[in-house]
Amino acid sequence: MKKFFVSILWIMLSVATYGQFDSLFYHHTLRIDYENVGNSDTSFFALKDVKIEPFWGGSQIHLLDTFGYGNYFFKVFDSVSGNLIFSRGYSTLFAEWRVTKEAKRGMRSFAESVVMPLPRRAARIEFYRRSKGVFVPFYTYYYSPTDYFVGKDQYDKYPVFEALSSGDPARKVDIVLLPEGYTEEEMGKFIDDCMFFTKEFFTYEPYASLKNKFNIHAVLAPSAESGVDIPKDSIFRNTLLDMSFDTFGTDRYLMTPDFRKVRDIAANAPYDQIYIIVNTNKYGGGAIYNYYNTCISGNLKASKVFIHEFGHGFAGLGDEYGYGDDMKDLYSKNEEPWEPNLTSLVHFEQKWKAMVDKNTPVPTPATAKYKDKVGAFEGGGYVKKGIYRPQQECLMRSFKGRKFCAVCRDAIRKMILFYAGE
Ligand SMILES: [Zn+2]
């Protein structure tokens, strides 16, 4: 038993110091690219490529994921000790597509990719997907440092503009901004847009009071043509990241199916989060947890889109609005959603119940009496019934105000401190 506790203590210490990071990892990224192929019923994982990238921008202190968010999860085990040395949760575009009508009719494949610090020794990397609320294993990759098929330096090099520098990437949240649909002549406009979003971002809490925890890098990578695809208007452009409006038939949903190309451009800087700025005035955006964020450059609502989408991509926040359309099956009413700001009330105690005043009823009526109270207000996760949100208004629900609800602010703050190694 004593030995058991000693080994637990060793694991805790092993992820608590820089020295231990250096004994387990190099300061580079190991990237695993794969295809996620399937339909609404079934899916397959097919390995595509394994690469080493020059930077590791993530924490060297918090190596194990303590949040458990996302539809997917991976764990890295050291082959010598057998210890778990790194883990992260994430979601994917494929996971969203699987609940669309199209996924009931046929198969599609999506290019996906995960990154981790480069292990010094051989490692076993286990992939999990969420099924009925729990992560189940579905693929294992064995990494060997002597595998000569693991590629190095396979990406196009571009200059990097520093929009905000606060210090060592290992102790900061590093956001890399990527340009989509900016030509060589428009790189100056991209820099101006980056500075606009950097300024706006830190006018919202909790980012404003934690500004010194962030670095923001911008990769100056031009597109052949200006603008972006709008398939419903028969507009198609030859651009760097192949972004498109009308994703899954939704006008404003602005995404790319080629995540590997996104990673290739992001590899020019150390990063924790990827943010793609799209050169257009048309309203739109999108984000997926620990995957990538997208925002339009020139719309009046652009800064609120930027803040809202980063809530998804960075802190795993769910949408707090409900309308009841194709996405009504995204959340089961019989289990807790993994997003920290949504509840089905099945296990409300695992969510923000402790933040609810004892005089506030649950569910909470959306009346003037509870206007600024934390409770459980019905409507969220794209449905009007059965999913509840923490407060009546929040930037994850609408753009009426400039504030996140108390639960979202808390979730964002915790994620900032996790990446900053505190
Ligand atoms: Zn909220």
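Strand β13 (residues 285–288) runs antiparallel to β14, and four bridges join the two; strands pair if DSSP finds at least two bridges between them. Helices (H or I, at least four residues) and strands (E, at least two) are DSSP runs, numbered from the N terminus. This is a predicted model, in which local features need pLDDT of at least 70, side-chain atom pairs count only at pLDDT 80 or more, and totals for chains, interfaces and linings use all residues. Residues are numbered from 1 along each chain as its sequence is written.

- Ala287 stands opposite Asn293 in β14.
- Three residues separate β13 and β14 in a hairpin, and Asn290 in the turn has a positive phi of about 55°.
- Strand β12 (residues 273–278) is parallel to β14 and is joined to it by four bridges; Tyr275 has Asn293 as its bridge partner there.
- Five of the five residues of β14 (residues 292–296) are buried, where buried means 20 or more other C-beta atoms within 10 Å of a residue's own, exposed means 12 or fewer, and partly exposed lies in between, with C-beta atoms placed from the backbone.
- In a regular strand the side chains alternate between the two faces of the sheet.
- Tyr292, Thr294 and Ile296 are buried on one side of β14, and Asn293 and Cys295 are buried on the other.

**Nonpolar cores**

- A nonpolar core is a set of buried Ala, Val, Leu, Ile, Met, Phe, Trp, Tyr and Cys residues joined through C-beta atoms within 7 Å.
- The largest core has 92 residues, and Leu177, Leu178 and Ile276 have the most contacts inside it.
- Helix α7 (residues 302–315) gives the largest share of this core, seven residues.
- This core lies between domain 1 (9–152) and domain 2 (160–315 + 415–419), because both give residues to it; the domain bounds come from an automatic or database domain assignment.
- A second, separate core has eight residues, including Phe377, Val383, Ile387 and Tyr388.
- Beyond four places in sequence, the contacts of Ile276 include Leu178, Leu241, Tyr292 and Thr294; contact means C-beta atoms, placed from the backbone, within 7 Å.

**Backbone exceptions**

- Most residues other than glycine have a negative phi, and most peptide bonds are trans.
- Glu205 and Pro206 are joined by a cis peptide bond with omega of about 5°, and Pro206 is in the loop between α5 (187–201) and β11 (214–219).
- The bond from Val362 to Pro363 is also cis, with omega near -5°.
- Asp242 is not a glycine but has a positive phi of about 55°; Asp242 is partly exposed, with 18 other C-beta atoms within 10 Å.

Technical notes: Contact = placed C-beta atoms within 7 Å.
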